[in-house]
Amino acid sequence: MKRISGMFKSIYLTIGRQGYSPGEYKWLPYLVEQVVDDGVLLCNMFTREIILLTEAEYAHPEADLRRILAEHWYMIPAGLDPRSLCYLFKHSHNARFGNRSDKTQLCTILTTTECNAHCPYCYEAGCEKRTMTDQVAGDVADWIEKHCDPDKVHLKWFGGEPLCNAHAVTVICQHLQKKGINYDSSMVSNGYLLDQHDRTELLDLWRLNRVQITLDGTEDTYNRIKRISGARGAYRRVLDNIRYVLDLGIRVNIRLNLSLENYNDLTELIGILRAEFGGYRNIFDVYAKPLFEGDDYQLTGQERAQVYGQYIDLEMRLCDAGLRDTLGMPKVKHRQCMADNGHSVVILPGGELGLCEHHLDDEYVGTIYNDARDGAIVEAWKEHADELPECAACFYYPVCLQLKKCPGKTICNAAHRGYLKWRIQESMAAAYKKEQEAERKADV
């Protein structure tokens, strides 16, 4: 046995090594294996540790090895329910490492629900169109001063298209600067209007450090899907604006929306993005995302398998192009997202407060104009989705966390689990390669 990478530090500090006593042991079901030239890599998704066993060790571990495997949580007592083990770990880890602050640290602010694009898949298509006034923007800043973490608050500008009402961003930031509030910001935008704002506004006033921009394909596909109002050459302008903010030192995420129709187009787009932006260190991440996830999409099993296969291929192409390098082991999550973490809030154009940016016309928990909150809605967003029969033996069980109310929760199936296993195996292969390279250097 050889250790390739150890437990996550916070996991080790929570559970340490398992005590061992003679008796019947079984393999933990949360293991991912990968055959390599000199044996079998095993990743323990409970601890995130990776080890290498010879084929003989894996097939028939002898007594001394079984003890080591048990101490490292690869094997557990035959009578122990592994799900109970995960449940106890999560509570213990959260008690020790969870965020204990009672202050809001992330404000997702919708300056408007209007948008200059008309994407056919947009979940906001039927929402009421509203734009934040200067008065509400000033009131939002006052609320942030009174209710958010005084050490640091992060503002995420959202919409609609937030730059369709960029004035509200400026008003809020001007108020916060005058009050001496420590803030920074990020933005989810289609990027078309970014060049209307200069360095002083973007960096000094908005303190913008990251922008996420979605691309649906190459020029003809992008322009056909986005249909940006009154725009000519929208695709080229957005690419130029990505370069503009990269040159300012702002990090950029690029999301590639994958549908049943645009796979070939996205493979071409990856080559274009590499040529355009491959030399920038602040391309934070380029990643693909299937459009079909969530309860609103009804795909056949064959269609879902097809798109997941394309999804994996796009991720591999992005890694090979040097545009994506974040296929590491999943972190320990105490909460799923902004809706259940207790430190985030969504502020709507009228000053309403919500927890999920997908709920723009309902699910308000209060407003910025009083401190009354709907506790029932807050608690409902913390409920986890019901487990499926296959959850008990799923390798991803220690990591998986889905909310019952989440409109975008993943529909679990064999194709989805295959994608998750591929991601883990890619991370295992990278760790194994790194270990081999370190050994070669040591031998020189």
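Helices (H or I, at least four residues) and strands (E, at least two) are DSSP runs, numbered from the N terminus. The structure is a predicted model, in which local features need pLDDT of at least 70, side-chain atom pairs count only at pLDDT 80 or more, and totals for chains, interfaces and linings use all residues. Residues are numbered from 1 along each chain as its sequence is written, and side-chain values use heavy atoms, with hydrogens and water left out.

Salt bridges were searched for across the whole structure, and 22 were found. A salt bridge is a side-chain nitrogen of Lys or Arg within 4 Å of a carboxyl oxygen of Asp or Glu. Side chains of opposite charge can pair when their charged atoms come close.

R237 lies in helix 9 (residues 234-247), and D195 lies in the loop between strand 9 (183-189) and helix 7 (199-205), so the bridge ties together parts that are 42 residues apart in sequence. R237 has a relative accessibility of 22% and counts as partly exposed. Buried means under 20% relative accessible area, exposed means over 50%, and partly exposed lies in between (1.4 Å probe, protein chains only). D195 is also partly exposed, at 38%.

R243 pairs with E276, and here the closest N and O atoms are 2.7 Å apart. This pair links distant parts of the chain: R243 is in helix 9 and E276 is in helix 10 (residues 263-277), 33 residues apart. R243 is partly exposed at 27% relative accessibility. E276, in contrast, is buried at 18%.

A further salt bridge joins the side chains of D313 and R317, at 2.6 Å from N to O. Both residues sit in helix 11 (residues 301-320); they are 4 residues apart, so about one helical turn separates them. D313 is partly exposed, with a relative accessible area of 23%. R317 is partly exposed at 38%. Elsewhere, salt bridges that share partners connect R236, D240, R243 and E276 in one network.

N44 was examined next. This residue is found in strand 4 (residues 39-44). N44 is buried, with a relative accessible area of 0%. A polar atom of the N44 side chain lies 2.9 Å from the backbone oxygen of W73. Contacts (heavy atoms within 4.5 Å) were also listed for N44. Leaving aside residues up to four places away in sequence, N44 touches L28, Y30, L31, E49, H72, W73 and Y74.

Definitions and conventions: A polar contact is a pair of N or O atoms within 3.5 Å; within protein, one must be able to donate a hydrogen and the other to accept it, and residues adjacent in sequence count only if both atoms are side-chain atoms.
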